[in-house]
Amino acid sequence: MKKMLSMLFALIVAAAGSLSASTVVCAASSAGDHGTNVTASIAAPSADRISVDISWSSMEFTYTDGDWNAATHSYEGEGWNTDGGVITLKNNGTAEVDAAFSYAPAEGADGISVVFESLTNDILSLPAGENSSVRLILSGKPDQPMKNTPIGTVTVTISTAGRGVSGFRSVER
């Protein structure tokens, strides 16, 4: 019976001509012509999946000189508005990630400083499945009048926790 099956298989292959590169032919038999079980498994991915959503609130800021106080001969209430400037990160991946935040001032935006509120060393560690926000805080007085003038670029760099900037992904706004 085994010889007959082998010959039949050989005839089918010969009649079909050549097999394409993606065709896989398997034949299995066992003693007594009983079928052989074929099993398959899907291996779990070995690498962690990095997936982070970044959302930005308004990045438009207004500087106000404040109100003149004649008694103290100074302005009161001067500074930048505190609305907006929020960057929210949501870790949808399977690994903890680090997010590094940096700011590069635009040409002509002298006198303005930036800090990222609630960060230590400009790094935010974000466990898998969690989200967190930081706020961009401006300080200093612009050296020149501005109206809808770009003052700089914020860059968010994502990396696997503890690995620094190797294998990073940056997003600028």
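Contact here means heavy atoms within 4.5 Å. Keep that cut-off in hand, and bear in mind that you're looking at a predicted model.

Start by selecting P142. It sits in the loop that links β10 (131–139) with β11 (152–160). Is P142 buried or exposed? It counts as buried, because its relative accessibility is 15% and the cut-off for buried is under 20%. Now show what surrounds P142: once neighbours within four places in sequence are set aside, its contacts are Y63, W80, D110 and I112.

Next, go to the open sheet. Its four strands come in the order β1-β6-β10-β8, with antiparallel pairing. Colour β1 (52–56) and β8 (113–117): these are the edge strands, each with a single partner, so one side of each has no neighbour in the sheet. Looking across the strands, you'll find a twist that averages 20° from one to the next.

Zoom in on β8 and β10, an antiparallel pair with five bridges. Which residue in β10 is the bridge partner of V114? Pick L138 to see it.

Last stop: β7, residues 97–105. This strand pairs antiparallel with β9 (residues 123–126) through four bridges. Select A100 and you'll see I123 of β9 standing opposite. Then turn to β11, which also runs antiparallel to β7 and is joined to it by nine bridges. To view one of these pairings, select Y103 along with V154, its bridge partner in β11.

Notes: Residues numbered from 1 in each chain as written. Predicted model: local features only at pLDDT ≥ 70, side-chain atom pairs only at ≥ 80, totals over all residues. Heavy atoms only, no water. Helix = DSSP H or I, 4+ residues; strand = E, 2+ residues; numbered from the N terminus. Buried < 20%, exposed > 50% of the residue type's maximum accessible area, 1.4 Å probe, protein only. Pairing = 2+ DSSP bridges. Axes fitted to C-alpha atoms, helices over the stretch in contact; angles between N-to-C directions.
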